[in-house]
Amino acid sequence: MYVAVKGGERAILNSHKLITETRRGDGAVPEVSVRQIGEQLGLAVDRVMTEGSVYDRELAALAIKQAQGDLVEAIFLLRAYRTTLPRFAVSEPIDTAKMLVRRRISAAYKDIPGGQVLGPTYDYTHRLLDFALAAEDGVGLPEAPVADAPLDDGMPHVADILDHEGLIEEERPDGDGAEVFDLTREPMSFPAGRDQRLQNLARGDEGFVLALGYSTQRGYGGNHPFAGEIRMGEVSVEIVPEELGFAIDIGDVVISECHMINQFEGSKEKPPQFTRGYGLSFGHNERKVMAMALVDRALRAREMGETAMYPAQDEEFVLYHADNVEAAGFVSHLKLPHYVDFQAELNLIRKLRQEHQDRLEKEAAE
Amino acid sequence: MNAAAEKASWDEAYNFAYLDEQTKRMIRRALLKAVAIPGYQVPFGGREMPLAYGWGTGGMQVTASVIGPSDTLKVIDQGADDTTNAVSIRRFFKRVAGIATTEATEEASVIQTRHRIPEKPLKEGQVLVYQVPQPEPLRKLEPRETETRKMHGYAEYGLMHVRLYEDISRFGHIATTYSYPVMVNGRYVMSPSPIPKFDNPKMENNQAIQLFGAGREKRIYAIPPYTSVKSLDFEDHPFEVQRWPQACALCGARDSYLDEVVLDDKGGRMFVCSDTHFCADRQEKGHRGPMAADPAAGAFARSSDTSARKEGER
C-alpha cells in the first residue's frame, strides 16, 4: 500500500527502537563490551580506524558495537564523528625507520640488516577452524615465548639498501613548507598529487583497493612487484606547537607500512630502474597496505610516461570510487523514494508505447 | 519569525546547525562565488554529515550554512513534507538548530527540497536549497571531471545537443523526463537536479535564491533571483512539460505535477498532487477532486493528513 512509503515520525522512531533491540540480541547472552571488541576484535578496529581516519581504538570499537559489526557502517559513524572534531595541529612526518618493530619481512632479500621478524601473523597458520576457541570456558591465557635477545634498534628500510646503488628511484621529500593536501578539508582535484592519492587510498575501501591491486597482478596494468618490505609496529607522533618552536612527542601509534619494488623498463631519458609503490595504514593491516602499494604504483603511470590503459591506472576512476562511505551512501540512496522521477518515466514509456502501437496500426492499414 | 527567534534552543552538544563556524564560512564563500557565476559548479570542502551520502548531505550543508535562529524551515522530498527522508532532515535541524519548521510553502524562509519545486510560486527573500546527487549535467556523456570542466570552460556543449538530437531521431522527441539540462544566464549548462522537467520553467526568473548542494561530489552552484534559465531544446522541437489527462483526484488541480497512486492489484489507480501542501491547501479552500469522496482515496488522504501528522511530530 502507498502508505508504506509515507514516512511518519512514529514509524521512524519505532524502527530505531527495533534496531536497538535487534543489536542487543538474545538477552540471555552477556552483552559484548567496547573493551572486549578493542582487545579481541583488534583487526576490525584497525580497519575502522584506518578508513575512518581517526586513530582512537575506543571510538572505533564503539562504532563497531553500534554498527553490529558492520564495518562499513562503523567507518561511516567514525567519519561523521570526526568532522565535528577541532584540529589542533599538523604532525611532523612520522619516521618509520625508527619504528619499534613487531613484524618486518622482506621478500626481496633472504636476510636483511635487522633480520626478518615474523611477529604475530596468520600467514603460516593452516586455515582450519579452531574448535578450541568455541569451548565454553575459552582459551585461557595463551602466552608466546620471549626471545633471548631484543631486536636491533635500527631497522633500515630495504628500499634504501638499493638506493645506494641507484638501482631504485630516489625518494625525495617535498620542499620545506610545502603544504600537504588534506582530503578531509578540500575536494578532490585532478591531476592528483601523490599526497592526495595516498590519502584517498589509505581511506579507501579495503575490498576495492584489494581488487584493484589484484587486477594489476593479473595483467591489467601490472609492474612486476616485489614486496620489498612490510613492517608493523609503533612509531611516535610529534608536533611542533607554535609557542615552543620545537617538536614534542604526543604519543605512539601502531601502523603497517609496505614498500613495493616494481620493475621499470626505462625510457629515453631514464635508464632502467626499480620504482616504488607505497602503502600505509593504522594498526595491523598488511592486506590493505600491500594492495595500496600496488595501486599507488599503477597510478604513477602518467608520471612514468606509461600509457594508462587499465582501471587501476585510471586516476579518476580509482580515486572517485575508492571511498566506501561515499559509495555505500550513494548506492543506498536508491532506497529513498523516487516516485516523482519514476512517474515521469512512466508517462514517457506509455507515450512511447502508444506511438509504437499507432505506427504498427498505420503500417497494417497501409 | 521573531517569536521563533526567542524560542530557538538546540542540542548544545553541537554548534548551531551542526557545522562549526569555520566550515560554514567556507561554504558561504563557495555560495557567494556560486551566486556570482550563475550555473557554475564551485568545488567546496564538503564535510561528512551524520546522514549517508546521496541522502541530502550537500543540501544539508548548504541549509546549515544559510540558516539562522529566526528562520523557518520547510523540507520536502518528492514534493511531500512527510516522506521518510524529509522527516529525518527536518528532525535533524530541529535538534541541532532549534529552528521553527513549517509545511506551508509561503511561511518558509528556507526550503530544502529533493526532486521537486513547490507548486506555489516563491517570493523574494525565500531560499530554495536543492539536494543534488550528480551536479555535472555532462557526466553521462563524459565520465571524466578533467574533461567536463574543460567543456564548461570553453562552453563546449555540442555533445549535449547531439544527445538530445539523437533522442529525437530515435523516439521523435527528447526522451529526458527529469534532470533535464538547462542553460543558465546564457552561459553554463546546469543540472537542475532530478526534478521532473515539469518544474524546469519555475526556475526561470524565480524571485527566490536557488542554491544547489552536492555533498558527495563536493560541488555547490546557484541561480540568483531573476535569472534566465532555459531548458535546452531545438526550434522545431520546443521544450514541453508533462501533462496529465486527469485532474488531481483529491483537490481537482489541473496544473500540478501528479503522482500515480496504485489502489489495488487490478490496475486501479488514481492521480494526486505530488506537492502535499499545495493539495491540502486547495482542499481546505473547498476544492474537490473526482475521488475526494471515494473510500480508497479517503484512506490515502488520512495517511497524509497534516493535522494528525503534526501531532506525531511534537
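Let's start at the interface. Chain B puts 50 residues into the contact and chain A puts in 39. Keep in mind that this is a predicted model.

Which elements of chain B supply at least two residues each to the side that touches chain A? There are helices H4 (84-97), H5 (145-153), H9 (295-303) and H10 (306-313), plus strand E11 (258-262). H4(B) gives the largest share, five residues. By class, that side of chain B has 19 nonpolar, 18 polar and 13 charged residues.

Stay with chain B for a moment. Its domain 1 covers 2-137 + 179-231, and its domain 2 covers 258-313. Between them, 12 residues of domain 1 of chain B meet eight residues of domain 2 of chain B.

Now chain A. The assignment gives domain 1 (7-82), domain 2 (96-122 + 148-327) and domain 3 (337-365). How far apart are the centres of domain 1 of chain A and domain 3 of chain A? Taken over C-alpha atoms, 47 Å.

Next, a helix pair in chain A. Helix H3 (residues 42-52) and helix H4 (residues 57-66) of chain A pack with their axes 9 Å apart, at an angle of about 105°. H3(A) and H4(A) are therefore roughly perpendicular, since 65 to 115 degrees counts as such. From H3(A), the contact uses Ala44(A), Val45(A), Val48(A), Met49(A) and Gly52(A). From H4(A), it uses Arg57(A), Ala60(A), Ala61(A), Ala63(A) and Ile64(A). By class, the contact of H3(A) with H4(A) has eight nonpolar residues, one polar and one charged.

On to the sheet of chain A. It is open, with four strands in the order E1-E2-E3-E4, and the pairing is antiparallel. Which strands stand at the edges? Strand E1 (100-105) and strand E4 (275-282) of chain A do. Each has a single partner strand, so one side of each is left without a neighbour in the sheet. The twist averages 20° from one strand to the next.

Let's walk across the sheet, pair by pair. E1(A) and E2(A) pair over five bridges, antiparallel. There, Ile105(A) stands opposite Ile230(A) in E2(A). E2(A) and E3(A) pair over 14 bridges, again antiparallel. Phe226(A) has Ile261(A) of E3(A) as its bridge partner. Strand E3 (residues 248-262) of chain A then pairs with E4(A) over eight bridges, in the antiparallel sense. Here Ile255(A) is bridged to Phe282(A) in E4(A).

What packs on this sheet? Helix H9 (residues 286-298) of chain A does, touching strand E2 (225-239), E3 and E4 of chain A. The direction of H9(A) makes about 145° with that of E4(A).

Last stop, helix H7 (residues 194-203) of chain A. Is H7(A) largely enclosed or left open? Eight of its 10 residues are buried, so H7(A) is largely enclosed by the rest of the structure. The buried residues are Gln196(A), Arg197(A), Leu198(A), Gln199(A), Asn200(A), Leu201(A), Ala202(A) and Arg203(A). What do they pack against? Their partners are H3, helix H8 (206-217), E4, H9 and helix H11 (315-321) of chain A.

That ties the tour together. H3(A), which packs with H4(A), is also among the elements that the buried residues of H7(A) pack against. The edge strand E4(A) is another one of them. So much for the tour; over to the group.

Terms used. Residues are numbered from 1 along each chain as its sequence is written. Chains are lettered from A and ligands numbered from 1 in the order in which they are written. This is a predicted model: local features need pLDDT of at least 70, side-chain atom pairs count only at pLDDT 80 or more; totals for chains, interfaces and linings use all residues. Axes are lines fitted to C-alpha atoms, for helices over the stretch in contact, and angles run from 0 to 180 degrees between N-to-C directions. Angles under 35 degrees count as roughly parallel, over 145 as roughly antiparallel, 65 to 115 as roughly perpendicular and the rest as oblique. Two residues are in contact if their C-beta atoms, placed from the backbone, lie within 7 Å. Ala, Val, Leu, Ile, Met, Phe, Trp, Tyr, Cys and Pro count as nonpolar, Asp, Glu, Lys and Arg as charged, and the others, Gly among them, as polar. Domain bounds come from an automatic or database domain assignment. Two strands pair if DSSP finds at least two bridges between them. A residue is buried if 20 or more other C-beta atoms lie within 10 Å of its own, exposed if 12 or fewer, and partly exposed in between; C-beta atoms are placed from the backbone.
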